Amino acid sequence: MRPALAVGLVFAGCCSNVIFLELLARKHPGCGNIVTFAQFLFIAVEGFLFEADLGRKPPAIPIRYYAIMVTMFFTVSVVNNYALNLNIAMPLHMIFRSVSAAGSRVYVPLKSIGSLIANMILGIIILKKRYSIFKYTSIALVSVGIFICTFMSAKQVTSQSSLSENDGFQAFVWWLLGIGALTFALLMSARMGIFQETLYKRFGKHSKEALFYNHALPLPGFVFLASDIYDHAVLFNKSELYEIPVIGVTLPIMWFYLLMNIITQYVCIRGVFILTTECASLTVTLVVTLRKFVSLIFSILYFQNPFTLWHWLGTLFVFIGTLMYTEVWNNLGTTKSEPQKDSKKN
């Protein structure tokens, strides 16, 4: 029952989280900071109550190491959410971030996982790792897929530019800045993933503790974003009123979207944690990858985001490359052969 519950939580929580994020970003594209702050605050409070035991439980990993990790994690989270304000469509945003769940160990929380391509490059440079031809091929597929989707999105930005050439050029420049922001976030998250890997090898795996400190320690940093957060809180207050079904409470609809985004993110994270404790890493990888694909399709169909055949081809390359990198087919063959070996022994 627990694995089935975990899979249900991952699909229900993670997919609906993307939906509410897109609802927020469509109405106010620059709301990334208030969304990030709300998510960090909720997870920090929950972790303080249940993981840190109201501050009485000392951390297994020294705080000075968390300070380094938190700096990177805070930067990645803010930049990723702010990229939605730079002419980046949600499907392209998801494709860029879809490679981030496959390039590292499954015990690392969702948003703190290093990107596939950048993780390999930095792993070779920093950790002196060497990879098989199969993995290099998978990285090439992912790179080609991202390039196709990015190139086609660039053509759409210029073709959809509304009024004049100046407007089109300005929209394209903002889009380039958005691509730059996503690329920077991928590289930074990859470096953070490698740093986490070295910490876990030294101190052991403490994913729940890391989740708490990664969200609690950056909270003072939001002081520098306070004016933007306040401005969007005012805009949220001015949105149309919405009555929540069943309980009958009325509140501005943007606050409802934000509340649901926070709750669904927590459900998503808890589902992944249960999944990692109950299932093999292969199962976790398959579930998370399939969930991302379902979210992408739903975003395209429900929100009618532009998505051409070239986008589908690029997406196919990304997901095939991701599954190749995690050696799904080899692992499936291994798991099938194990029962046969056992039966021969009997």
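1. Tyr 213 is buried, at a relative accessible area of 10%. Buried means under 20%, exposed over 50%, and partly exposed in between (1.4 Å probe, protein chains only). Tyr 66 is also buried, at 0% relative accessibility.

2. This is a predicted model: local features need pLDDT of at least 70, side-chain atom pairs count only at pLDDT 80 or more, and totals for chains, interfaces and linings use all residues. Residues are numbered from 1 along each chain as its sequence is written, and side-chain values use heavy atoms, with hydrogens and water left out.

3. A search of the whole structure finds 14 aromatic pairs. Rings of Phe, Tyr and Trp (its six-membered ring) pair if their centres lie within 6.5 Å; planes under 30 degrees apart count as stacked, over 60 as edge-to-face, and the rest as tilted. Phe 40 and Phe 74 have ring centres 6.5 Å apart and planes at 80°, so they are edge-to-face. Phe 40 sits in helix H2 and Phe 74 in helix H3, 34 residues apart. Helices (H or I, at least four residues) are DSSP runs, numbered from the N terminus.

4. Phe 40 counts as buried at 2% relative accessibility. Phe 74 counts as buried at 18%. Back to the tyrosines: the rings of Tyr 66 and Tyr 213 have centres 4.9 Å apart and planes at 20°, so this pair is stacked. The pair links distant parts of the chain, with Tyr 66 in helix H3 and Tyr 213 in helix H8 (residues 207-216).

5. Ring pairs also build a cluster: Phe 37, Phe 40, Phe 73, Phe 74 and Phe 222.

Methods
Helices (H or I, at least four residues) and strands (E, at least two) are DSSP runs, numbered from the N terminus.
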